[in-house]
Amino acid sequence: MPRSVWSAVVYPALIFTVALLAMRNGINSSLASIIDRYRPDLTSYEKFYRNTHQDPELSGVEANTAAVVASHLEGLGLVVHSNIGGHGVVGLLENGLGRTVLIRAELDALPRHEQTNLSYASTKIMTDRYGNERPVMHACGHDMNMAALLGATALLHGAREHWIGTLVVVFQPDEEEKGGAEAMVEDGLYSMIPVPNIMLAQHVTPLNSGSVAIASGPVLMAADAVDVRVFGEPCPGINPQLCQDPIAIAMRIVQSIQDLVKKEFGEEEATVACWGFHAGIPGADFVFYADFLLDIKTVKPKVRDEVLVFVKKSIEAQCKEMDCPKDPLFTSKVRAPLTTNAESAVKPIREAFSSYFASNLLPMELQRVTEDFSALQGSFKIPYAYWNFGGTSSDEDIAYNHSPFYAPALDPTLKSGIDAMALATLASFGSEGHAP
Ligand SMILES: [Zn+2]
């Protein structure tokens, strides 16, 4: 290669690349120094975590938890709106003209009888929104997600001379059951806050405490709830079991539908489970219909559409074959949309995580669980990133989210959750670690 080519093309390109890498490292190391400098004293967030763990609230009735987080946000000087889509809370921190970044955690706990033996374990029984007395426990770790979000908000508030834009902090109700994200949007969330440029959420999981995992593309499955009513035929004077008994028909359908879907699509693509079954009225001597609820999980939008059609057609065909007097009825509801991280949202976060967490940054596998976080975008196409942070301190007896034994280790889970959310937010604002 002639010398002139080296001096005209190769050297400048090399110098540019080296300068770019140095700048990137500079940006990420200054992000790390912001995190270290402005991380709040963890004591009060540990206390919030223990108190919330001991005093959990079920989906749709999270009034006390919402009041506690609202008062914490007000204490930090954020403008707070409450009771959005139920007990939803939003805090707004305007900090100059720039991007709007929404960060979110969930308020609700689960109907579980806690068996962790922690000194701050929940022994609480509360009335759910249907009037039933239920045990209640933060078995999914939403208490840890909330503590990390509050701590990250305090960090970002303290570090506000290092970023420009609007921070929107969302505490969402009713994630576990009915879709509080959609309820918040329908209740006018975006008449109270600007439409974000990006949305961020994280969840504590049984990864090693201190680690984080992120990826672009699909990270959580979609879930549809399909209520099915199968009709039988009353035949007075004869044993109803000798007629078209809807209980027997529905049972045959429930038993076969999982295998039929598995055979047609493969269990990697779609799963079907029966989450409820009800038929008959006490005292009645024959049964008109049987109801069952199917939970259908899928990964690809096209496959989801095909599976929903397949399930409906298959149930209709079985009813015909078994001489049902009427066609079955279907009521479908999207329980959780697919969670698909945008590469544009993930890229700056992955770079910041890679530099800060080093070997504790892991690739995120597609998980066969669901979330309604992406429904917070409503009809807007808002790029988002959702990642996991680890909460398990040993390899033995790992309990998974939703188990009555699930309890993340407080240290260093809380610190890494605060750091991850604050880092991701700074990276999403485009902060270069310098005062504007
Ligand atoms: Zn959860």
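Mentor: A helix here is a DSSP run of H or I with at least four residues, and a strand is a run of E with at least two. By that count, the protein chain of this predicted model has 10 helices and 16 strands.

Trainee: Okay, how much of the protein chain counts as buried?

Mentor: The figure is 50% of the 436 residues. The cut-off for buried is under 20% relative accessible area.

Trainee: What share of contacts in the protein chain joins residues at least 24 apart?

Mentor: It's 83%, taken among contacts between residues at least 6 apart in sequence. A contact here means heavy atoms within 4.5 Å.

Trainee: Let's do the metal. What makes C140, H142 and H203 donors of the zinc ion?

Mentor: Distance. An N, O or S atom within 2.8 Å of the metal is a donor. SG of C140 and NE2 of both H142 and H203 lie 2.2 Å from the zinc ion, so they pass that cut-off. Just remember that water is not among the atoms, so a site may look incomplete.

Trainee: How are the donor residues spaced in sequence?

Mentor: The pattern is C-x1-H-x60-H. H142 belongs to helix α4 (residues 142-158) and H203 to strand β7 (residues 198-208), so this pair ties together parts 61 residues apart in sequence.

Trainee: Are H142 and H203 buried or exposed?

Mentor: Both histidines are buried.

Trainee: Now the largest pocket. How much space lies in it?

Mentor: About 1,200 Å³. Its lining runs to 47 residues, with E175, E176, R335, T370 and H402 closest to the centre.

Trainee: And what makes a residue a lining residue?

Mentor: Having an atom within 4 Å of a grid point of the pocket. Strand β13 (329-336) gives the largest share, six residues. β7, β10, β12 and β16 are among the strands that each supply at least two.

Trainee: How does the lining of the largest pocket split by class?

Mentor: There are 21 nonpolar, 11 polar and 15 charged residues.

Trainee: How do you know that the largest pocket lies between domain 1 and domain 2?

Mentor: Both of them give residues to its lining, domain 1 being 25-220 + 338-429 and domain 2 being 222-336, so the pocket lies between the two.

Trainee: Why is A32 called buried?

Mentor: Its relative accessibility is 18%, and the limit is under 20%, so A32 counts as buried. A32 sits in helix α1 (residues 3-38).

Trainee: What makes A358 partly exposed?

Mentor: A358 has 48% relative accessibility, which falls between the 20% and 50% limits, so it is partly exposed. Its phi is positive too, near 50°, in a residue other than glycine. You'll find A358 in the loop between α9 (343-357) and β15 (361-363).

Trainee: Last one: what kind of peptide bond joins D411 and P412?

Mentor: A cis one, with omega at about 5°. P412 is part of helix α10 (residues 410-429).

Notes: Residues are numbered from 1 along each chain as its sequence is written. This is a predicted model: local features need pLDDT of at least 70, side-chain atom pairs count only at pLDDT 80 or more; totals for chains, interfaces and linings use all residues. Side-chain values use heavy atoms; hydrogens and water are left out. Donors are N, O and S atoms within 2.8 Å of the metal (3.2 Å for Na, K and Ca); water is not among the atoms, so sites may look incomplete. Buried means under 20% relative accessible area, exposed over 50%, partly exposed in between (1.4 Å probe, protein chains only). On a 1 Å grid over the protein atoms alone, a cavity is a set of points where a 1.4 Å probe fits but cannot get out, and a pocket is an open set with protein on both sides within 12 Å along at least five of seven lines; lining residues have an atom within 4 Å of a point. Grid points are joined across faces, edges and corners, and a volume is the space filled by probe spheres set on the points. Ala, Val, Leu, Ile, Met, Phe, Trp, Tyr, Cys and Pro count as nonpolar, Asp, Glu, Lys and Arg as charged, and the others, Gly among them, as polar. Domain bounds come from an automatic or database domain assignment.
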